[in-house]
Amino acid sequence: MGWAIALHGGAGDIPLSLPPERRRPREEALRRCLQIGVEALKSKMAPLDVVELVVRELENCPHFNAGRGSVLTNKGTIEMEASIMDGNTKKCGAVSGLTTVVNAISLARLVMEKTPHIYLAFDGAEEFAKEQGVETIDSSHFITAENIERLKQAQEANRVQVDYTQPIQKIDSKKETPIANGDSQLGTVGCVAVDSQGNLASATSTGGLVNKMVGRIGDTPVIGAGTYANELCAVSATGKGESIIRGTVARDVAALMEFKGLSLEEAARCVVEERTPKGTVGLVAVSAKGEISVSHNTTGMFRACASEDGYSEIAIWSFGLN
Amino acid sequence: MGGWAIAVHGGAGVDPNLPAHRQEQAKQLLTRCLQLGVSALNSNLPAIDVVELVVRELETDPLFNSGRGSALTEKGTVEMEASIMDGTKRRCGAVSGVTTVKNPISLARLVMDKSPHSYLAFSGAEEFARQQGVETVDNEYFITPENVGMLKLAKEANAILFDYRIPSAGNETCGAGVESPLQMNGLPISIYAPETVGCVVVDGQGCCAAGTSTGGLMNKMTGRIGDSPLIGAGTYAGEVCGVSCTGEGEAIIRGTLAREVAAVMEYRGLKLQEAVDFVIKERLDEGMAGLIAVSKSGEVAYGFNCNGMFRGCATQDGFMEVGIWE
């Protein structure tokens, strides 16, 4: 036993040829966020607070698709969503359709703790945010030049794009271009943590899908799809929202552990390799025993993890597997 | 076994003092909807179409809390949500924050069939509805005088309390004048609007489908989303079964109730009724909820841990029953 933490910055068709100037800022951010999470766990902060803290950091980082740096809807607007879950109590909170709230994950937490509801969305969520006095800012704050360009490209390609790590490139590029077949997926940030007492928590946040229809909700705020935590494990998923919803991905990892007696790793692999289509899903998970699993059926997933026994990793791809 | 099966519900958590004529009305509506589904199944309509057809009927009738007759938000408006799932390939569609669409379940179906997404909400959902040319009406259409009255009572009872154990006041003004200590979702049972309608079907080919629709919680905050549009919580259909839940949304979401029934069947090998019983008994903690389910082998089952659930079921061998109480 012992504490463990894993966080992600999105799974997708991240090409091995990703140039350093696109890779390094993300790796740096993952390193920094991991450090923050590890320090927090070491100082005995509750996992629920740890995951919120780490996801706030990831949201504030413009290199990931959440908070600042969120991808844009087909109207060029921002609509952010998030959810958080406490493994012990199974209490949870979720928000969707946020346009001015600086940290969606914190609003999700407030929904969980300050309302009789679990999930608030759009105008109602924004109204609640004002009542609660959370930090809000003009929507333009979240928009980056890179995402404006991504939207333009997606609209030209007339396709809903999930992979936003693709460098800004011409549509007719002959390089390996996951955009070309529209199957590339990436999005979302998330964090799962467990302390040495086995308390678990999970949090996930996103800007959604590039060029998504206004009002589109993905897996991230859907408890059991993008986020889940109970007494056995905590899971945060990323990838193609529609696949994660149908596959009730986060819940299934826990269900396989509970009902089939699989280990965390076996359960995560089963879900990712057998129960969801290739190229659609990635997840990070920790168990009550302090184990970590990082699984993805996509080319890559930005992630970082560490455990009390000294293990630590920051990575994008997985070699020697599948 | 084998053959088709269908179940419908009109919400869980029923006032024990519900007047007899209201009980009769409910049973008649459930019977009518079942018969609609049965005819459709006998003419070989696929499960997903039967589910949509039957839920449309439940939405259109103002008796239950969905479509017309939906519970009202704290602002006195209606915000509806629904989801539908086709077990064959686990395709799904959901909508929330729908204010003018006459049949939310059909909009959810269109999201599944005609959009690249699974879930659309609020203005985006309404815009999609217009693009698709579905029937729309003013929000007032969905509001019934009865629910306007219920909203007033709910506000007086200072309902939707954070601590659901706080005793309520004002419930002596409703029901048959008998005070009921039962509570559901923070409201005294006598003014609680049993949430949601749903339908689950397995057709002659063994394909399962499920659908759920609701106006949500009386006096809810605007923008509040419950379990009904959440795949895995209020609705689920896979290879082995179809499930639709109703009751306390929080409990259903935390328990990922609909998915749970399927998961224990798939991963633990439980049969349908065992799975339903297990989930109701073990997965609800202090929450109150009910559900209906069908299996691919033509079985039908339901369960609830609260006071009553409006439901009905029928199977191909001629069995048909509607009920409210245990």
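**Exercise 1. State how many cavities of 30 Å³ or more the predicted model holds, and describe the lining of the second largest cavity.**

*Solution.* The count comes to five cavities of 30 Å³ or more, a cavity being a set of points, on a 1 Å grid over the protein atoms alone, where a 1.4 Å probe fits but cannot get out. The model is a predicted one, in which local features need pLDDT of at least 70 and side-chain atom pairs count only at pLDDT 80 or more, while totals for chains, interfaces and linings use all residues. Residues are numbered from 1 along each chain as its sequence is written, and chains are lettered from A in the order in which they are written.

The second largest cavity has a volume of about 50 Å³, a volume being the space filled by probe spheres set on the points. Twelve residues line this cavity, each with an atom within 4 Å of a point, and P116(A), H117(A), I118(A), R224(B) and E250(B) lie nearest its centre. Helix α6(B) gives the most to this lining, with three residues.

**Exercise 2. Determine the strand order of the open sheet in chain B, and identify its edges.**

*Solution.* The four strands (E runs of at least two residues in DSSP) follow the order β10-β11-β12-β13 with antiparallel pairing, where pairing requires at least two bridges. Because β10 (235-237) and β13 (300-304) of chain B each have a single partner strand, they stand at the edges. Strand β12 (289-295) of chain B joins β13(B) over five bridges, and V294(B) stands opposite V300(B) in β13(B).

Notes
Side-chain values use heavy atoms; hydrogens and water are left out. On a 1 Å grid over the protein atoms alone, a cavity is a set of points where a 1.4 Å probe fits but cannot get out, and a pocket is an open set with protein on both sides within 12 Å along at least five of seven lines; lining residues have an atom within 4 Å of a point.
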